[in-house]
Amino acid sequence: MQSSPTTPNAASPQKIPLFQNSTQYKNWRFSREQLRATRTALNEGAIAAIRNTFEADSPGSSSDIQFLDADEERLLMMLYISKISQLCGHFRFPEEIEATGITYLKRFYLKNTVMDWHPKNVMLTALFLAAKTTNHPISLESYTSNIPRTSPSDVLDLEFLVAQSLAFEFAVWHAHRALWGMWLDIQELPQAPPHQELQRIYDSALQYIRTSRLTDAELIYPPSQIALACLSLAHPEIAASWARSKNADAVLETVEIIKQAITRDGNIPSVDVVREIDRRLKICKNPEKVVGSNAYLAKKSKEEKEAELKRIRKAESIKKAVAEGDPFGEELAARTLDDDD
């Protein structure tokens with residue numbers, strides 16, 4: 001049999017890393033400047049809207065209010081990030097739930113402001129949602145009954161809002177998973193330390209990853225770079241050896257920047273500072289979100305009227321369709337079914 005002529009292999013398309021196809025890579029990565037601009041714009045927009053609401057209810061009432069700025073909002077959010085860690089310890093949730101709940105909280109406040117939605121209930125909702133999306137669900141009753149002064153409605157009332165603010169993009173790529181992969185690789189390196197020493201290095205690096213969650217690192221850098229930075233904080237020589245084994249020496253300069261950010265920013269905010277911020281928040285919170293306030297009642301009344309008008313228009317549309325002919329449409333009515341259908 002005559003063999004077919006061989007043809008040179010066409011250049012195969014370059015394989016795109018899985019992370020670059022993720023919604024996290026496409027939609028939830030920013031520069032530091034973009035993060036600051038986003039938070040500042042949200043803060044300024046909220047202040048303008050809340051000031052207008054106060055003035056509509058009582059002219060001149062907003063003149064003495066000291067609104068929060070974007071940095072103060074972020075400090076309050078960071079305190080509640082630390083609360084997520086405490087709750088996960090209480091419930092004995094795995095690392096994946098804790099990391100995912102923290103990510104959800106950070107992403108929520110890139111679309112919303114604490115002056116509209118206080119971080120306490122948002123934090124509880126983000127963590128409950130994270131338990132479900134990571135396949136470790138807990139019943140709502142078991143969850144809320146173990147948290148003082150918390151009812152099921154505190155979580156349910158915000159669950160859709162949180163999911164919507166996340167654009168229903170629930171999958172998160174985490175640095176602790178990347179670290180685990182590096183740890184496995186390191187065991188195969190020439191002259192790798194003994195297993196006991198490797199375990200100590202891994203545990204130390206994992207603690208640095210937990211510290212990194214108090215920073216904006218995951219909103220700026222890919223998980224692998226954060227993991228390598230934390231490994232470098234735990235043991236610089238091992239991290240450099242791993243990078244060389246992957247021909248990734250060029251990333252070490254970025255790793256140094258991440259290390260500086262973690263050591264500089266990875267601190268729980270002062271309780272006294274945050275307590276003062278929270279005190280002022282009670283005064284400058286959007287009155288439309290305060291149940292029973294005049295602004296809240298006015299907004300609810302407006303929403304109910306709009307909903308009633310929508311129902312009336314829909315009823316009239318259906319009534320008109322029935323009056324004019326078959327409500328299912330002419331095409332369906334005219335169709336003749338075969339015996340086989």
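## The second largest pocket

The second largest pocket has a volume of about 410 Å³. Of its 16 lining residues, Y80, K83, K120, M123 and R149 are the closest to its centre. Two or more lining residues come from each of α3 (70-91), α5 and α14 (271-284), and α3 gives the largest share, 6 residues. By class, this lining divides into 9 nonpolar, 2 polar and 5 charged residues.

The model is predicted, with local features needing pLDDT of at least 70 and side-chain atom pairs counting only at pLDDT 80 or more, while totals for chains, interfaces and linings use all residues. Residues are numbered from 1 along each chain as its sequence is written, and side-chain values use heavy atoms, without hydrogens and water.

A pocket is an open set of points on a 1 Å grid over the protein atoms alone, with protein on both sides within 12 Å along at least five of seven lines; in a cavity, a 1.4 Å probe fits but cannot get out, and lining residues have an atom within 4 Å of a point. A volume is the space filled by probe spheres set on the points, which are joined across faces, edges and corners. Ala, Val, Leu, Ile, Met, Phe, Trp, Tyr, Cys and Pro count as nonpolar, Asp, Glu, Lys and Arg as charged, and the others, Gly among them, as polar.

## Cavities

The structure holds 3 cavities of 30 Å³ or more. In the largest cavity lies about 150 Å³ of space. Its lining has 16 residues, and H174, A175, R213, E218 and I226 lie nearest the centre. The elements giving two or more residues to this lining are α4, α8, α9 (195-212), α10 (217-220) and α11; α4 gives the most, with 3 residues. The lining comprises 8 nonpolar, 5 polar and 3 charged residues.

The second largest cavity has a volume of about 120 Å³. Its lining consists of R39, L42, N43, A70, E73, R74, M77, Y109, N112, T113 and V114. The largest share, 4 residues, comes from α3, and the classes are 5 nonpolar, 3 polar and 3 charged.

## Helix α4 and its crossing with α5

Helices (H or I, at least four residues) are DSSP runs numbered from the N terminus. The axes of α4 (residues 95-108) and α5 (residues 119-133) come within 8 Å and cross at roughly 130°. The two helices are therefore oblique to each other, and their crossing is right-handed. Contact (heavy atoms within 4.5 Å) involves I97, T100, G101, Y104, L105 and F108 of α4, and V122, M123, A126, L127, L129, A130, A131 and T133 of α5. These residues divide into 11 nonpolar, 3 polar and no charged.

Axes are lines fitted to C-alpha atoms, for helices over the stretch in contact, and angles run from 0 to 180 degrees between N-to-C directions. Angles under 35 degrees count as roughly parallel, over 145 as roughly antiparallel, 65 to 115 as roughly perpendicular and the rest as oblique. A crossing is right-handed if the near helix is turned clockwise from the far one by less than a right angle, and left-handed if anticlockwise.

Helix α4 also holds E95. Beyond its neighbours within four places in sequence, E95 is in contact with H176, L206, R210 and R213.

## Helices α8 and α11

Helix α8 (residues 175-186) packs against helix α11 (residues 223-234) at an angle of about 60°, with their axes 8 Å apart. This crossing is right-handed. The contact has 10 nonpolar, 1 polar and no charged residues.
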